[in-house]
Amino acid sequence: LNGVTESELAPAISVLQLFLSSSKPVLRFAAVRILNRVAIDHPLAVSNCNIDMETLISDQNRSIATLAITTLLKTGNESSIDRLMKQMSSFMVEIGDEFKIVVVDAVHKLCMKFPSKFRSMMAFLSSILRDEGGFDYKKAIINAILGIVRTVAESKETALTHLCEFIEDCEFTYLSTQILHLLGEEGPRTAHPAKYIRYIYNRIILENATVRAAAVASLANFGLKCP
């Protein structure tokens, strides 16, 4: 679609919009999949279909629903973010991890586009971080949170607090050690570094040897940087 203008796309998008309300799942899937791809380069052109796509969030076909959500995340504007985050909270419990990872990646990209709305998206990511899920899914959420921290400086303390709560009940050693390393690096630079000590110290008492070692190293950083 390189070199194609939005006015040239308009007739095709109008036809695809009609297919979004088709009674045939295959037509709904084909339409939303094409619109999802078009939205990468022409989000404004696809945004005319947003109302129709919002109805697909509750589609019984989870593939269609996931494509609808990720398309809305690409085409949505700043004023629609809070509403989308609320809609997705209930949607996430109904899909598998592979679809959840796609949604998490889309939320991360949306935050890069609208950094002023990081609080809504950080709250969404922290809430799904506490839900059930496998290693790859949890890793994707943590990577998204860390990506937001690197881009939006004022999100750091909020992110660290959410990650501290996560390691209180984290079953994945790799993720716990990754977060403890981050706390050791960034915690001492915050306005109130002492509030992270309890979470780190608990890992020394309650966790396996690998996590304990990471916790000790993290506390050592606090000792060096917060005399």
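Predicted model: local features only at pLDDT ≥ 70, side-chain atom pairs only at ≥ 80, totals over all residues.
Residues are numbered from 1 along each chain as its sequence is written, and side-chain values use heavy atoms, with hydrogens and water left out.

User: How far apart are the end C-alpha atoms of helix α5 (residues 62–75)?
Analyst: Helices are DSSP runs of H or I of at least four residues, numbered from the N terminus. The expected span is 1.5 Å times one less than the number of residues. For the 14 residues of α5 this gives 20 Å, and the distance between its end C-alpha atoms agrees, at 20 Å.

User: How many of the 14 residues of α5 are buried?
Analyst: Buried means under 20% relative accessible area, with a 1.4 Å probe and protein chains only. The buried residues of α5 include Arg-62, Ile-64, Leu-67 and Thr-75, and they pack against α2 (25–41), α3 (43–46), α4 (50–55), α6 (81–91) and α7 (97–113). The helix is largely enclosed by the rest of the structure because the buried residues number 12 of the 14.

User: Which residue caps the N-terminal end of α5?
Analyst: A polar contact is a pair of N or O atoms within 3.5 Å; within protein, one must be able to donate a hydrogen and the other to accept it, and residues adjacent in sequence count only if both atoms are side-chain atoms. Here a side-chain oxygen lies 2.9 Å from the backbone nitrogen of Ser-63. The capping residue that supplies this oxygen is Asn-61.

User: Which backbone oxygen does the side chain of Thr-66 reach?
Analyst: Thr-66 lies in helix α5 and counts as buried at 4% relative accessibility. Not counting residues up to four places away in sequence, Thr-66 touches Phe-91, Ile-95, Phe-99 and Val-103, where contact means heavy atoms within 4.5 Å. At 2.8 Å, its side chain reaches the backbone oxygen of Arg-62.

User: Are α7 and α9 roughly parallel or roughly antiparallel to each other?
Analyst: Axes are lines fitted to C-alpha atoms, for helices over the stretch in contact, with angles from 0 to 180 degrees between N-to-C directions. The axes of α7 and helix α9 (residues 135–151) come within 9 Å and cross at roughly 5 degrees. Angles under 35 degrees count as roughly parallel and those over 145 as roughly antiparallel, and α7 and α9 are therefore roughly parallel.

User: What is the relative accessible area of Cys-164?
Analyst: Cys-164 is found in helix α10 (residues 156–167), whose buried residues are covered by elements including α8 (118–129), α9, α11 (173–186) and α12 (197–206). Leaving aside neighbours within four places in sequence, Cys-164 is in contact with Leu-183, Tyr-196 and Tyr-199. Cys-164 is buried, and its relative accessible area is 0%.

User: Which residue has its backbone nitrogen 3.0 Å from a polar atom of the side chain of Ser-22?
Analyst: Ser-22 sits in the loop between α1 (6–19) and α2 and counts as buried at 15% relative accessibility. Apart from neighbours within four places in sequence, Ser-22 is in contact with Leu-27 and Arg-28. The backbone nitrogen 3.0 Å from its side chain's polar atom belongs to Lys-24.

Methods. Helix = DSSP H or I, 4+ residues; strand = E, 2+ residues; numbered from the N terminus. Buried < 20%, exposed > 50% of the residue type's maximum accessible area, 1.4 Å probe, protein only. Parallel < 35°, antiparallel > 145°, perpendicular 65-115°, else oblique.
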